[in-house]
Amino acid sequence: MNNGVSIIVVSYNIAPSLQRCLDSYLNLIDSATDEIIVIDNNSTDHSADMVEKNFPNVKPVSYTHLRAHETVLDLVCRLLLEKQKTQKKTKKNTHISRTHA
């Protein structure tokens, strides 16, 4: 049973690179079980608009979702934990791991 993968991309003013990145990821993932989340740091190059327009299956998240004293990593962990809680209700297993590039 495939529980799926969450790919999280943090971006700031990298629209052309982000488009290539998302195109590549979409060719690799199973759209039925995997997801891509883009966290945009209030880009001024319309990166977030490009994601919403060109990638309807990608979940955009804005830095405006950050809570007081929360870092991007905190936001990512919170999003994944919320997903895990939702999946537990539907009896799915989720493994959360953290890696640094």
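**View 1. Order of the elements along the chain.** From the N terminus on, the elements of the protein follow the order β-α-β-α-β-α. The model shown is predicted. In total, the protein has three helices and three strands. Of its 101 residues, 30% count as buried. Among contacts in the protein with a separation of 6 or more, 55% are between residues 24 or more positions apart.

**View 2. Packing of helix α1 against helix α2.** Two packed helices are described by the angle between their axes and the distance between the axes. Here, helix α1 covers residues 15-28 and helix α2 covers residues 47-54. Their axes lie 9 Å apart and form an angle of about 30°. Angles under 35 degrees count as roughly parallel, and α1 and α2 are therefore roughly parallel to each other. The crossing of these two helices, α1 and α2, is right-handed. On the α1 side, the contact is made by Ala 15, Leu 18, Gln 19 and Leu 22. On the α2 side, Ser 47, Met 50, Val 51 and Asn 54 make the contact. The residues of this contact of α1 with α2 comprise five nonpolar, three polar and no charged.

View 3. Side chains of opposite charge can pair when their charged atoms come close. How many salt bridges does the count come to? The count comes to one salt bridge. Glu 82 forms a salt bridge with Arg 78, and the closest N and O atoms are 3.6 Å apart. Both Glu 82 and Arg 78 belong to helix α3, which spans residues 72-89. The two residues, Glu 82 and Arg 78, are four residues apart, about one turn of the helix. Is Arg 78 buried or exposed? Arg 78 has a relative accessible area of 16% and is therefore buried, since buried means under 20% relative accessible area. Glu 82, at 37% relative accessibility, counts as partly exposed.

**View 4. Leu 73 and Val 10.** Leu 73 is placed in helix α3. With a relative accessible area of 30%, Leu 73 is partly exposed. In sequence, Leu 73 and Val 10 are 63 residues apart. In space, the C-alpha to C-alpha distance between Leu 73 and Val 10 is 9.7 Å.

Notes
Residues numbered from 1 in each chain as written. Predicted model: local features only at pLDDT ≥ 70, side-chain atom pairs only at ≥ 80, totals over all residues. Heavy atoms only, no water. Axes fitted to C-alpha atoms, helices over the stretch in contact; angles between N-to-C directions. Parallel < 35°, antiparallel > 145°, perpendicular 65-115°, else oblique. Left-handed = near helix turned anticlockwise from the far one by under 90°. Contact = heavy atoms within 4.5 Å. Nonpolar A, V, L, I, M, F, W, Y, C, P; charged D, E, K, R; others polar. Salt bridge = Lys/Arg side-chain N within 4 Å of Asp/Glu carboxyl O. Buried < 20%, exposed > 50% of the residue type's maximum accessible area, 1.4 Å probe, protein only.
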